[in-house]
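Visitor: I would like to learn how to read a model like this one, beginning with the surroundings of its ligand. Could you take me through it?

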Amino acid sequence: MKKWRFLLGYASETGQSKSIAQGIVDIASEQHKICADLFELDEVDKQFKLEEESVMVIITSSTGDGEPPSNASKFWRKIRREKKSDLLSHMKYTVLGLGDTNYSNFCNCGRVLDRRFEELGASRFYPSAWADDAVGLDLTIEPWLQGLWPALKETLAKLNTSSESSIDNLSQSIDQINFNQEIKPTVERQLSSCNKLKSDEDSISYSSSLAELTTLTLPPKPTHSLSVKLIESSEESNQVLDGSQYHAAKLTRRECLTHDVAIKPVISMELQLSEEEFLFEAGDAIKLVCANDENEVDLLLKRLECLDKASHRLEISISPDNTKKSTKIPAYIPPMCSLRYALTNCIDIRSSPRKNLLRLFVDCTTDDDEKRRLEELCSREGSEIYIKYILEEHLSILDILNHFPSCKPDVAMLIEFLSSLMPRFYSICSSPLDDARSIKFVYSVFNFAASNGRTYERFGVCTNWLNKIDIGTKVLIQTRISQHFRLPLTLDTPLIMIGPGTGVAPFVGFLDHLYLSSQSISGFDVNNLNTWLFYGCRHREHDFLFQEQLQMYQQINVLKHLFIAASREEGYPFRYVQDQLKINGQELANLICNRNAIIFVCGDIKTMVRDVRETIANILREHTEITNIDEYMKSLETSRRYLLDIWS
Ligand SMILES: Cc1cc2nc3c(=O)[nH]c(=O)nc-3n(C[C@H](O)[C@H](O)[C@H](O)COP(=O)(O)O)c2cc1C
């Protein structure tokens with residue numbers, strides 16, 4: 001019988017789409033005996049040809065302002081530029097987009113690809129879906145996956161009717177398929193009620209709400225495609241990551257921008273590049289390679305009972321049982337490195353574990369109560385508790401292991417199933433006109449107490465690392481060029497810049513650039529500028545970032561209007577940037593509607609992005625005759641006059 005196959009193309013910036021795609025490959029082969037050929041979208045024309053594919057499933061996130069992840073840029077260009085309107089008329093497809101509704105261009109990359117495939121003649125065999133990180137990706141992904149398999153089988157069967165497989169056989173096999181494994185509870189009610197005695201309420205380790213369920217639907221157990229061995233070696237296992245795609249930059253300056261009493265310290269950093277070919281502009285960001293905290297790595301090694309093997313060399317090969325064509329030895333782990341190096345520099349040990357890993361943990365757990373709770377947490381029925389106790393509280397792999405002491409996974413499992421440690425992004429707050437080889441950026445120092453399920457205190461991965469490295473250390477960076485978050489070419493276009501906290505960073509870069517242009521370009525008259533900055537802090541005396549610099553720009557007319565909000569300052573009337581926007585509503589409406597102003601918003605998605613958009617919409621509602629504000633706001637976005645640079 002001919003083997004069924006389909007093409008699974010993914011694009012991922014921080015690894016989520018990739019791990020979902022890998023999960024699909026596993027389910028396809030193990031539960032449905034279908035071969036999914038997995039490739040990055042940018043491997044088009046090298047590993048696969050669209051003209052030759054009959055069935056394709058695309059999984060992609062969006063990054064920047066609705067842009068494709070970096071491993072889909074070639075594919076994106078190819079698809080968008082393609083002129084042959086019937087190029088894909090032979091193809092059936094569906095798309096799973098990953099995004100975040102806090103971004104105004106929600107799932108834009110997935111949506112554009114979906115539309116473009118249709119325009120090029122392809123037809124959807126199953127509805128595309130858009131998963132939202134803001135509420136939990138699994139809420140959309142789980143039901144979508146459930147329906148994918150019957151639709152996929154029906155499609156593959158139709159394509160194969162001329163060959164050995166028949167639709168009748170297929171319908172029968174679809175009937176027999178249980179999308180997910182239905183399992184009986186591993187513990188009986190007696191144990192569940194014993195659990196209840198420990199707590200009336202659910203917590204990460206004790207259940208009450210799911211305790212009565214006698215059946216749980218678990219995700220499929222991922223199979224091992226890699227063989228990971230720890231080799232005791234007298235030779236030094238010290239091969240490090242290949243940094244050839246990055247630029248090495250030396251840390252030359254570190255300065256705290258906030259007062260000692262500030263709740264969230266903000267640090268400014270300056271990096272000096274040695275290479276010529278590093279091009280950036282105000283508005284761009286850098287991608288910075290960082291490492292996990294040494295103590296956290298030690299705690300994990302200890303919990304995994306392999307502290308004594310930390311210096312052993314990792315030997316990773318493709319397992320002899322592997323059946324997946326797409327299996328590769330992870331390129332993000334150097335071939336001759338130690339276990340400690342891999343856990344410190346290559347593997348993301350901080351992110352919350354996905355459900356497929358929890359599923360593997362079930363089998364490494366001996367205590368029945370703990371086993372049952374892990375099953376609940378990774379089950380379809382337990383989606384809410386998984387989001388509430390694990391995702392929302394940002395529990396790490398170590399937290400989970402600490403909560404389930406009888407769970408004893410092999411370290412090899414973590415090496416295989418955890419994602420790679422991703423570089424972090426920071427907006428540049430300087431201009432190349434100042435020094436084309438020097439980059440400045442800022443970050444705030446967060447700490448997360450050991451509470452709400454978190455079993456140890458922690459800081460942000462990259463900021464903690466940045467705080468600890470010495471002046472003179474070389475760090476690896478790349479530029480992330482902004483496609484649109486840039487100064488306009490015309491001097492007199494009004495700029496409305498909204499950036500609370502470290503969100504002010506790119507605007508400091510913009511103003512620096514305007515100031516330096518006024519010093520170096522003849523005919524550049526600062527009087528033509530129309531620049532508005534809305535900045536927010538907690539207390540103007542504690543954490544007013546770049547205060548002197550901004551006030552200087554104001555004095556020399558580079559910054560025309562500076563409005564400050566201070567959320568914790570008693571008696572000060574403007575708590576949030578939105579309050580300042582409202583007070584200036586009339587003038588802002590005029591700038592937006594009659595003067596073609598560009599609105600730039602930068603900051604943390606959780607705190608203000610939605611509120612600022614809502615405030616701008618209300619200002620337009622109140623001060624203009626525009627009847628369809630929603631449409632007008634959308635038109636501002638599509639015409640690139642409402643631009644975001646935000647992070648979570
Ligand atoms: C810097 C950055 C920019 C983002 N921009 C968007 C966006 O414009 N639209 C959107 O829907 N989601 C956006 N997201 C959210 C991601 O698409 C979402 O978190 C997704 O799950 C990441 O999947 P990945 O790990 O496969 O890249 C952005 C995330 C980051 C970190």
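Visitor: How do the residues of the shell around the ligand divide into nonpolar, polar and charged?

Guide: Ala, Val, Leu, Ile, Met, Phe, Trp, Tyr, Cys and Pro count as nonpolar, Asp, Glu, Lys and Arg as charged, and the others, Gly among them, as polar; here the shell holds eight nonpolar, 13 polar and four charged residues. This is a predicted model, in which local features need pLDDT of at least 70 and side-chain atom pairs count only at pLDDT 80 or more, while totals for chains, interfaces and linings use all residues. Residues are numbered from 1 along each chain as its sequence is written.

Visitor: Which residues come nearest to the ligand?

Guide: A residue is near a molecule if its C-beta atom, placed from the backbone, lies within 6 Å of it; of the 25 residues around the ligand, Ser 12, Thr 14, Ser 17, Ser 61 and Gly 99 come nearest. Two or more residues of the shell come from each of α1 (16-32) and β4 (92-99), helices (H or I, at least four residues) and strands (E, at least two) being DSSP runs numbered from the N terminus.

Visitor: What is the order of the strands in the open sheet of five?

Guide: Strands of a sheet pair through backbone hydrogen bonds, either parallel or antiparallel. Two strands count as paired if DSSP finds at least two bridges between them, and here the order is β21-β20-β19-β22-β23, with parallel pairing. β21 (561-566) and β23 (642-647) each have a single partner strand, so one side of each is left without a neighbour in the sheet. Six bridges join β22 (residues 598-604) to β23, where Phe 600 stands opposite Leu 643.
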